[in-house]
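Here's a quick briefing for anyone opening this structure for the first time. Take a look at the model, then read on.

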Amino acid sequence: MRGSEQGGEHTGLAGACPCPSPAQVGGGGDGRGGGGSAVVLLVHPSCVAAMTGKSLLLKVILLGDGGVGKSSLMNRYVTNKFDSQAFHTIGVEFLNRDLEVDGRFVTLQIWDTAGQERFKSLRTPFYRGADCCLLTFSVDDRQSFENLGNWQKEFVYYADVKDPGHFPFVVLGNKIDKLERQVTTEEAQAWCLENGNYPYLETSAKDDTNVAVAFEEAVRQVLAVEEQLEHCMLGNTIDLHSSSKSGSSCC
Ligand SMILES: Nc1nc2c(ncn2[C@@H]2O[C@H](COP(=O)(O)OP(=O)(O)OP(=O)(O)O)[C@@H](O)[C@H]2O)c(=O)[nH]1
Ligand SMILES: [Mg+2]
């Protein structure tokens, strides 16, 4: 595994949420075990990062068949370079880049994985803790598009995603600079709609088309899910005398 890392605070939507759940929060409502119901404020790490001015570290992972351009997308975004003779990745590599999205400072840790089947056992241990998964195919390679569902399943399984319906996936159709396409924009959009209403972006690592937009969209998706979680948690009220929770449970 190769990588370049900066500091930051890590959350992981794929793993267990680090916030204490209402059931884990003990003690009485008046602080002496007295009773009544208590409103428990659970602050998510992204809120802490926002309040302290610390950059939030988000882990995004690029998955897709070998040769679709995952490494090229990461390298274009982080180093603004493109190699027309890139080697296949073996295992995983990661690079960090700081960015600001909608007023939030984020350190994006981009994990680039080996798409070739023979490297499966080298890549899957790194799925855990990912905040977003970029499912990537090449618009000039139909098979890579048809394999998107397998990549999605592999990620959900090895990352141990508890709630796949709410996990932020983003789909990228790369190499749109190529004249001969095997997958249309409409087909790709239809797949995204049917499989979880994922955002779909067409990119070219070669021409630097939509590359920054794609990674920014990944951040937006993560922040949107976290905001939803925070909203739900902050709305929860616990009756400490009752075995059941009162308040809304929208997550
Ligand atoms: N025309 C064109 N070629 C691209 C683009 N992105 C990547 N390539 C080329 O496609 C080939 C494969 O790119 P990689 O970035 O190595 O693909 P990968 O998905 O990382 O492949 P693995 O590491 O094997 O999983 C290289 O020759 C790249 O130069 C693109 O947007 N347009
Ligand atoms: Mg690669």
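Predicted model: local features only at pLDDT ≥ 70, side-chain atom pairs only at ≥ 80, totals over all residues.

Residues are numbered from 1 along each chain as its sequence is written, chains are lettered from A and ligands numbered from 1 in the order in which they are written, and side-chain values use heavy atoms, with hydrogens and water left out.

**The chain as a whole**
- The protein chain has seven helices and 11 strands, taken as DSSP runs (helices H or I, at least four residues; strands E, at least two) numbered from the N terminus.
- Of its 251 residues, 45% are buried, meaning under 20% relative accessible area with a 1.4 Å probe, protein chains only.

**Helix H5**
- H5 spans residues 148–158, and its buried residues include Leu148, Trp151 and Phe155.
- After H5 comes Asp160, with a positive phi near 60°.

**Ligand 1**
- Around ligand 1 there are 25 residues, each with a heavy atom within 4 Å of it.
- The closest are Lys70, Ser72, His88, Thr89 and Asp177.
- Helix H2 (residues 70–79) gives the most to this shell, with three residues.
- A backbone N or O atom of Thr89 lies 2.7 Å from an oxygen atom of ligand 1.
- For Ser204, a side-chain N or O atom is 3.5 Å from an oxygen atom of ligand 1.

Notes
Buried < 20%, exposed > 50% of the residue type's maximum accessible area, 1.4 Å probe, protein only. Polar contact = N/O pair within 3.5 Å; in protein donor to acceptor, adjacent residues only side chain to side chain.
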